[in-house]
Amino acid sequence: MTFKVGSRPGARGTFILIKDGKRYFTRKIYTEGSIIEFYEDKKIIINDVKADIEEFIAENDVIDLEVGNSYTKIYLGGEKYKFVKNFKFDFMNKYIIRKE
């Protein structure tokens with residue numbers, strides 16, 4: 001799965017939260033051009049255009065995610081997801097779980 005942060009008119013960027021159990025990998029605003037990639041081995045690579053590249057390894061098979069707006073595009077398995085804001089990602093089954 002890949003997040004590509006787009007531009008949002010009148011805003012500094014997009015708020016993104018990545019949480020693995022009780023541990024937060026990130027919860028901040030990312031600017032246009034930043035990319036976050038999620039790999040099968042549960043590795044997460046954050047390429048923030050305003051900071052160094054960060055790598056994390058998730059402990060859990062399912063993590064919590066939040067994307068602040070629809071200007072960030074979410075790609076998974078060749079498909080683009082829109083209007084997914086507060087959800088979970090299952091690394092093992094490569095599946096987005098929408099929260100109610």
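Q: Buried means under 20% relative accessible area, exposed over 50%, and partly exposed in between (1.4 Å probe, protein chains only). Is Asp-64 buried or exposed?
A: With a relative accessible area of 15%, Asp-64 is buried. Keep in mind that this is a predicted model, where local features need pLDDT of at least 70, side-chain atom pairs count only at pLDDT 80 or more, and totals for chains, interfaces and linings use all residues. Residues are numbered from 1 along each chain as its sequence is written, and side-chain values use heavy atoms, leaving out hydrogens and water.

Q: In which strand is Asp-64 found?
A: Strands (E, at least two residues) are DSSP runs, numbered from the N terminus. Asp-64 lies in β7, residues 62-67.

Q: What is the order of the open sheet?
A: Strands of a sheet pair through backbone hydrogen bonds, either parallel or antiparallel. Two strands count as paired if DSSP finds at least two bridges between them. This open sheet has 5 strands, in the order β3-β2-β7-β10-β11, with antiparallel pairing. Its edge strands, β3 (23-30) and β11 (95-98), each pair on one side only. Between β2 (residues 14-20) and β3 there are 7 bridges, and Leu-17 has Arg-27 of β3 as its bridge partner.

Definitions and conventions
Helices (H or I, at least four residues) and strands (E, at least two) are DSSP runs, numbered from the N terminus.
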